[in-house]
Structure formats: C-alpha cells, structure tokens
Amino acid sequence: MTMALSNAPAVAVSGVSHFVTGASVLRNISFTVEQRQIFGIVGAVGSGKTTLARLLSTARPPHAGSIAICGFDTVLEAERARWSLGYLPHPAVAYANLSVAEYLEFFQRAGMASETIRIDQVLQRTRLQHRKHALIASLNEGQRQRLGLARALLHDPSVLILDEPISKVDPMRRDALIALLRELRDSGKTIVLLSPILSGVAELCDRIGILHAGRLLASGTVDEIIEESGQTSLRSGLSILQDRLSLEYPAEDRRSYLDPMPAKRLLSSVRRASSTPPPPVEESHKRLRLRSLSDPAQVKAVLSESREVVSVEALPDGSVLIAYQGDETAVADLIEKLVQRGVRIISAEPQHTELERIFRSLTGGPS
Amino acid sequence: MDPEAELSPESRVGSMATLPPTAGAAASSPEQEDFEESSFGVNPLWLRELWLYGRSQRMPLTLAVLTVIATLLVCSVGAVASLTQEPARVGNLLYQVFFATAFAWVTWVGSGMAATLVASERRGSHWDVLAVSGVSAPLMARGSFAASLTWVLLCLAMLSPIASVSFLFGGVSPQEISGAFLAMGAAGCVAVGFGTAVGAIASTPATALLIAVPSAALMSLVLYGVGFVTSYMVDMIWPVVTGGMPLWWPTALARAEGDRYYWLLLVGAPLLLCTAACWFFYEVTVASLSEPGEDRSTRLRAWFVTCGILLYAVSASSALWLPAERGMNAAISLTLVTLFSLFGIYSLAGDDTAPSTRVLRQWSQEDTGAVRRFFGPGVVRAMLTVCLLAALGIGLQWLVAVGLQWSTPAAHSAQDLTVLSLCDGYLLSFLCFLAGFVAHARARSVSGASPRLLLTFVLLTVAIGPWILASVFGMADSFGADSMLLVASPSPAFVVALAYLMPAHGALPGGLLLAGLLASVVWLILGLGMLYAAQRYIEREQIPLPRDSTPPPPSVQWI
C-alpha cells in the first residue's frame with residue numbers, strides 16, 4: 001500500500017507560508033525528513049503546529065511554497081501523497097459511542113484501507129487487542145492516541161504525521177506511547193511529530209525543529225542545535241540577548257523582538273538588555289528526572305546527603321528533578337544509594353536542560 | 001520526472017504493495033469506488049450512523065414521545081369531530097390532520113436533523129481525518145442523506161399505525177393512506193436533501209439548524225397553502241378531489257382515471273420535481289464538501305444544463321399541445337426561462353473564478369476535451385452556460401411560435417410574432433447583462449456572497465429605477481401606453497408592458513420599438529463586455545499565483 005519515489009525524502013517542505021483571515025500563521029517554513037526518521041517539531045501553543053500538521057497531511061493546501069510526501073506534491077498529487085501518509089490529529093479520535101472495532105471498520109470501509117491489513121493486525125500492533133469491543137468513550141487518553149495511530153496505520157503508510165500525540169498522556173502511558181513510536185520507526189515508518197512539550201520528544205526524535213510564531217527557528221539533531229547555539233555567532237548572540245529579554249522584559253517586548261522590526265527599535269532593545277546583568281545560569285549542572293513509588297520527601301532526604309546533588313525539586317506528577325554534578329558514574333552511585341535506602345525506583349531519565357534552555361531562549365519563553 | 005517510472009517495487013517503503021490510484025485521480029478514484037461497491041456495498045457513513053443510533057438513548061425516547069403525541073392528537077380530534085360529523089367525514093378530517101402533522105414533522109425535523117449531522121461532521125475535529133483518509137465528498141453526502149432519511153422513515157414507521165385510525169372511520173381508502181405515506185417519504189427526501197445542503201454550507205451546526213428549520217418550516221407552510229389553493233383547481237380536472245383539502249395528491253392518485261393528465265400531472269411532474277430538487281441539493285452538498293482545489297463546478301453545471309433543457313423542452317412543447325393559447329404559452333415559457341436563468345445566475349455566482357492548478361493538471365493527464373473543460377470551474381464559463389441555455393430556451397419558444405405562425409397563419413397576426421421576437425431579444429440581452437455583471441463582480445471578490453448581493457441591488461435598481469426617475473421628472477401624471485413603454489424600456493418591465501399593452505395599442509410605434517431595441521443592444525454590449533473583462537482580469541491575476549511566495553491579495557483565490 002505504501003509507496004514512495006526512490007531517493008525522495010519522506011517529507012520535503014519548501015518555503016511554505018500559510019495565512020488565516022489575512023494573518024500569517026506560518027512563514028517560509030523549510031525542512032526535509034529522511035525516510036525512517038522521527039522528526040519532532042516543538043513549539044508553544046499558537047506557534048502554528050496544528051496548521052503545519054494540516055498542511056503536511058494534505059488537509060489544507062499551503063498558500064505559498066510546496067510540500068512533498070514521499071516525492072508527491074500535496075496539492076498537485078494529493079491522492080498519491082495521501083496514500084503515503086497517515087495522520088493523527090489532535091484530538092486523536094471522535095465518535096465516542098462507537099466501539100474500537102467499529103471505529104476502525106468505519107475507516108476501513110470508507111477510506112483507503114489496505115485490503116491486506118486487517119483490523120486485528122493494527123490493534124495488535126498498537127496493543128489495543130484487549131479493548132477491541134470497548135466503547136471509545138471508555139478509553140483513556142493513551143488508548144485513544146493508540147487507537148488514532150491504529151486508524152492512521154490502516155492503509156500501511158510510510159509517513160505518519162502526529163499532532164500532539166503525547167501532550168495529554170500521563171507519564172506512564174507516555175512512555176508506552178514513545179516505545180510504540182520507536183517501534184514504528186524501526187519497522188520503516190517515517191514520523192513527523194508535533195508537540196508543545198520538549199520532555200520525551202528530544203529523546204525520541206532523530207531530529208527536532210523549534211517552531212515559534214510561525215517560523216522554524218532551528219532544526220537538526222539535538223547535538224547540532226546545542227552546538228550551533230553555543231557558537232559565537234550573531235544568532236547565538238541574539239539567542240542570549242533574547243534570553244535576557246525574556247527574563248527582564250514583558251511579553252509584548254519579547255514578541256516584538258521576534259518579529260521583523262526597525263533597526264532603531266532593535267538597538268533600543270539591545271541597549272536595554274545590555275544594561276541588565278545576566279541571570280545566574282547553571283549550565284554545568286546536569287539533570288535527572290526520577291520516578292519512584294516512594295514519597296518524594298524521602299527521596300529528597302536521601303539525595304541531600306550526596307555531594308554530587310546540587311538541588312532536588314519535587315514535580316507535580318510525583319517525580320523529582322535532580323540537579324547534579326558529575327558523569328554517569330555519579331548517576332549510578334545515586335541510584336544505588338537510593339535503592340539501598342529503600343527507595344523503589346521506576347525510572348530515571350536524563351533531562352536535556354541545555355536543549356530546554358535553548359528552546360526557551362529561541363522562543364522567548366520563561367526560563 | 002515521471003512518477004510512474006519511479007514506482008519500482010524496490011522504491012516502495014513499507015510492507016504492503018497494493019496499487020494506489022492513478023495520478024491526479026479525483027477524491028473518489030475508480031479503484032476506491034470499486035472497492036466500496038464490490039467489497040461492502042453499504043455506505044460506511046450510513047452504517048456508522050446506524051451504529052450510533054443503536055446506542056443512542058434519545059432516539060427511542062423521541063420516537064415514543066412522538067407516537068404518544070400523534071395518538072393523542074388524532075384521538076382528540078376524532079372524539080370532538082365525531083360528536084357532530086358523520087364517520088366518513090371524521091375519517092377524512094383525521095386523515096388531513098394526521099398527515100398535515102406528519103408533513104410538518106418530516107419537513108421540519110428531517111431538514112434540521114440532516115443539517116446538524118452534516119454541519120457537525122464538516123466542522124468537527126475529525127473532518128480532516130475523513131478527508132485525508134480518502135472519504136470522498138459524494139460518499140459523505142450520500143451517507144449523511146441516507147442516515148438522516150433513515151431517521152425520518154423510522155418516525156414515519158412509528159406513526160403508521162395511528163394513520164389507520166382514519167381508515168377505520170371510513171371515507172379514506174387504504175390506497176390513499178399508502179399514497180399519503182409515499183408523499184411523506186418524498187417530502188422527507190427533499191427536506192433531508194435541503195438540510196444536508198444547508199449543513200454543508202453553514203459555518204457551524206447552530207447556524208445550520210437556524211437556517212434549515214425556519215426555511216423548511218416556511219417552505220412547508222407555503223406548500224401547504226399551495227396545496228389548499230390548487231385543490232380547487234384540481235377539483236375542476238378531477239371531481240373526485242374535494243376542494244379545500246390541502247393533501248389532495250394521494251386522493252387524486254388513488255381515485256382519478258388514468259388518462260394522459262393523470263400520468264403527466266400526478267405521476268410525471270411530482271417525480272421529476274422531487275428528483276430535480278434532490279439532485280440539486282445533492283450536488284450543492286457535494287460541491288460544498290469538496291476541497292478547495294477540487295472541481296466543484298462540473299456536477300452542479302450538469303444539473304443546471306440537464307434540468308434547463310428538460311424544463312425548456314416541456315414549456316416549449318406545451319405550446320404545441322395548446323396552440324390556441326399561444327400568448328399565454330409564450331408568457332409562461334419566457335417567465336420560466338427568466339426565473340430559471342436568474343436561479344442559475346444566483347446559484348453559479350459562487351463558482352470558483354478559474355480552475356485550480358490541481359484541476360488543470362488532472363485535465364492535462366486525462367486529456368480532457370474542450371466541452372468537458374467548458375463545464376469545469378470558472379465563473380465566466382458558468383455565466384456563459386447560463387446565457388447559452390437561456391438562448392436555447394428562448395430560441396425553442398420562438399421556433400415553436402414561428403412554426404405555429406407558419407402552419408396556421410390565419411389564427412395569428414404577424415405583429416404578434418414581432419412583439420414576441422422583441423420580447424425574446426430584450427430578455428436574452430438583459431439576462432446576458434446580469435450574467436456579465438455577476439462574472440465581473442465574482443472575478444474581483446473572494447466568495448459568491450458579494451456578487452449575489454450586488455446582483456439583487458442591480459435587479460431592484462433596474463426594475464424600479466426608471467419609474468422612480470419618471471416620477472421625479474413629472475412624467476408619472478401623463479402615463480399613457482406609449483410613455484409607459486418608453487419609461488420601461490431600460491428595465492425588464494419593458495417586456496411585460498409590451499406584452500400587455502400591445503394588443504390594446506394596435507400598431508407598433510417606431511420610436512418605442514427603437515427605444516426597446518436600443519436598450520436591449522446596450523444590455524447585450526454591457527453583458528458581453530463585462531464577461532470579456534472578467535475573463536481578462538482572471539487570466540491576468542490568477543495564473544501566476546499558485547507557486548508565488550508572497551501573501552495573497554484579498555481579492556484573489558489561490559487554489
């Protein structure tokens with residue numbers, strides 16, 4: 001069922017702009033995604049993610065520029081492009097009074113479903129077999145996302161466009177979903193994932209792009225973005241400047257900074273920023289997110305005894321964020337110590353603090 | 001690079017290898033249609049709605065409440081009427097009351113139900129998924145129509161036992177009751193089709209409901225009134241029908257003799273009208289549900305041309321059946337041409353200004369011929385179609401008149417034919433002007449709303465403007481036949497004035513004839529000029545845009 005032009009990138013976006021009621025939603029977006037990659041586009045609410053997802057999915061034609069899915073133009077060859085892609089919108093599923101099987105059967109009958117793929121296959125693939133006859137209304141958010149994925153996989157596309165698949169899923173189910181996406185990538189699918197949250201996306205994606213106010217501010221691998229941001233370039237300087245602005249100045253000033261503005265106004269912003277001392281940035285500290293079945297206070301008490309640990313912060317979801325110094329041995333020591341003191345650890349994930357800082361500096365969000 | 005050449009099995013990614021549709025295929029590709037028909041044969045949207053109906057707790061409750069209310073109504077009316085009336089009259093009264101209620105229910109609720117269903121789907125979060133998954137607009141339109149009609153038919157099925165009460169009283173035959181249910185089914189089809197079309201156009205489900213239900217209510221009341229008035233006329237043709245009974249069609253169908261009027265007026269005409277209405281609503285729904293870059297014009301244009309030819313052929317041939325009433329036939333024929341052309345201008349004013357790049361590519365790949373392209377997207381082509389069809393209608397009517405003049409010269413004067421020719425020419429020129437005006441306005445606007453609004457304004461201005469001017473300049477006091485024609489010459493009222501005044505006036509004064517001719521020539525030149533200007537504007541503004549990187553100006557459609 002899936003098809004692609006040989007040597008064509010899975011997704012090629014070139015100079016795409018889109019307007020809604022005269023206002024620009026996306027401006028001159030360009031990127032490519034090679035086959036069998038996961039490309040994450042991270043952006044805050046209102047940055048244009050959903051519009052971009054709609055354009056990528058062929059649901060809307062771009063006002064300017066072009067998008068090709070597996071080499072097929074989404075406007076001129078929309079049908080062929082659609083055969084090559086599966087789209088998971090946000091929210092993922094509708095028709096709450098249908099059962100899982102009925103929902104998939106409806107799309108199998110109505111759309112371009114493969115005659116060789118059966119509902120049981122996609123349910124098995126998305127681990128929803130046991131919920132086959134359950135009503136959609138009774139599914140949790142993670143299961144709904146998986147059902148949406150199952151529907152998108154019905155015609156066995158080579159590219160998946162996923163709009164916010166993990167944003168409303170709780171951490172436990174998010175891990176399962178991320179594992180599923182990895183499996184899909186490993187089975188040959190190309191995934192474009194749009195998300196408002198960075199957590200989890202950076203680890204999952206081969207490459208990421210940062211979308212803000214309709215512009216793709218950066219794209220590449222996580223290391224590339226960090227490296228590029230660290231260079232003493234005009235862009236880096238602007239990022240740091242933006243970082244200061246984001247801390248010291250109101251949102252309106254930050255917004256205006258991101259838009260094209262006269263040189264005079266830019267100079268004024270630079271002067272204001274340079275007169276403000278930079279905030280203390282603890283770039284050398286690494287962070288670890290720890291989930292456990294124990295009381296966060298107990299974890300905090302144990303960790304406070306370690307010299308490597310700089311700070312411990314209890315997060316709303318019950319996990320703790322540990323800032324520490326040292327390498328992987330330090331992490332191993334910390335975990336060992338926690339286990340010895342009776343803390344029941346579920347998971348420990350390194351956090352890309354550097355990437356988060358860059359994301360916030362580029363998009364003007366609070367640090 | 002030829003995509004077909006690149007599609008080697010090695011170049012495909014993934015595990016399955018079923019052939020995709022051919023390049024440039026429409027939303028419902030032949031392969032997909034085959035798949036739908038051969039593998040399952042049931043519209044999936046209809047099936048989905050049946051599943052949802054099955055789980056809905058409101059549906060049985062609604063049907064039960066409806067049945068109870070209808071039973072109470074029929075029993076109350078029957079009880080009150082039976083105190084003073086004989087059973088046969090009570091039966092007839094109950095029959096009228098019951099089916100009037102059923103008619104209201106079917107038209108109001110059917111249209112509202114269909115409008116809400118389609119609008120919810122169209123504006124819902126899952127619409128993109130349906131479109132991207134290959135659910136075509138025709139499939140969607142048919143499914144929504146079938147689902148809503150199922151609901152209406154379920155209501156009728158629930159009500160059917162109550163209808164038998166009127167039969168038990170007497171005065172009504174089972175055939176009449178069956179015919180009335182058939183009429184309710186037909187009314188349901190039209191109402192649901194109307195609701196579906198409104199739902200596809202409306203921006204929100206609430207808007208759809210607010211437009212569909214009051215419009216359907218108004219139309220049903222008008223139809224009910226028409227039924228009341230026409231019952232007296234029908235009584236003259238078929239005395240078995242009692243005057244003053246709005247629901248006369250089933251009675252006439254069951255009791256009248258099967259002559260040619262029976263088949264023409266009781267079977268053929270209703271069938272054609274219902275089919276044409278449902279077909280129109282279906283095409284409007286499909287066009288509204290289609291994507292912006294798709295061909296949303298051809299099917300609607302096909303409806304317009306087919307119905308136009310049929311209508312004009314019937315109206316022209318009626319002159320052959322009733323040759324003695326030539327004046328009346330010509331008036332009816334010209335009125336039909338004018339009304340249908342105006343309807344066409346209003347309907348097709350929303351057509352895309354030009355074919356999208358997607359459609360052009362599809363035409364190129366399929367090697368589409370010139371005729372098929374003429375019926376494709378493009379407001380100038382649409383308006384030309386209206387003009388050509390009007391010319392056909394007027395020409396047919398004129399040919400019939402000439403034929404009658406030639407065959408029976410003693411019965412008709414040569415002046416009648418001259419008047420008729422002048423009326424025909426004037427009307428055609430004026431319709432050309434309206435078509436050109438709308439094309440010109442549409443070429444410079446983003447939707448069909450402003451051209452329609454401007455057209456209404458122009459029609460009103462042209463219709464009453466000359467009379468207002470005449471009054472302002474003090475000509476109103478001295479209105480005679482000549483001055484009336486002179487004043488009317490720039491407006492379509494000229495045709496009416498000419499037709500009504502000439503028999504009394506006698507000979508045609510050359511000055512008035514000249515005024516009429518001059519006005520018609522001006523309308524024609526203006527119309528053709530504006531059509532040409534619209535086409536030039538569209539060619540200049542439209543073609544370079546699709547791959548430009550600058551924002552679109554507000555007056556231009558990109559896709």
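These are my notes from a first look through a predicted model.

**Confidence, chain A.** I started with pLDDT. Chain A averages 76, with 75% of its residues at 70 or more. Going element by element, I found the highest mean in strand S7 (residues 159–163) of chain A, at 92. The lowest, 34, belongs to helix H10 (residues 251–258) of chain A.

Next I traced an open sheet of 6 strands in chain A, with mixed pairing and the order S6-S7-S8-S3-S9-S10. Strand S6 (85–88) and strand S10 (215–220) of chain A each have a single partner strand, so one side of each has no neighbour in the sheet. On average, neighbouring strands are turned by 15° against each other, direction ignored.

I zoomed in on S7(A) and strand S8 (residues 190–195) of chain A, which pair in the parallel sense over 5 bridges. There I found A:Leu160 bridged to A:Ile191 in S8(A).

**Helices on the sheet.** Helix H5 (residues 141–152) of chain A packs on the sheet and touches S6 and S7 of chain A. I got about 155° between the directions of H5 and S6(A). Helix H6 (residues 171–186) of chain A also packs on the sheet, touching strand S3 (38–43), S7 and S8 of chain A; its direction makes about 150° with that of S8(A).

**Cores.** Which residues have the most contacts inside the largest nonpolar core? I listed A:Ile161, A:Val192, B:Met383, B:Ala435, B:Val438 and B:Ala439, in a core of 209 residues. Apart from that core lies another, of 12 residues, including A:Leu290 and A:Tyr324.

Terms used. Residues numbered from 1 in each chain as written. Chains lettered and ligands numbered in written order. Predicted model: local features only at pLDDT ≥ 70, side-chain atom pairs only at ≥ 80, totals over all residues. Core = buried A, V, L, I, M, F, W, Y, C linked by C-beta atoms within 7 Å. Buried ≥ 20, exposed ≤ 12 C-beta atoms within 10 Å, placed from the backbone. pLDDT = per-residue confidence, 0-100. Helix = DSSP H or I, 4+ residues; strand = E, 2+ residues; numbered from the N terminus. Pairing = 2+ DSSP bridges. Axes fitted to C-alpha atoms, helices over the stretch in contact; angles between N-to-C directions. Contact = placed C-beta atoms within 7 Å.
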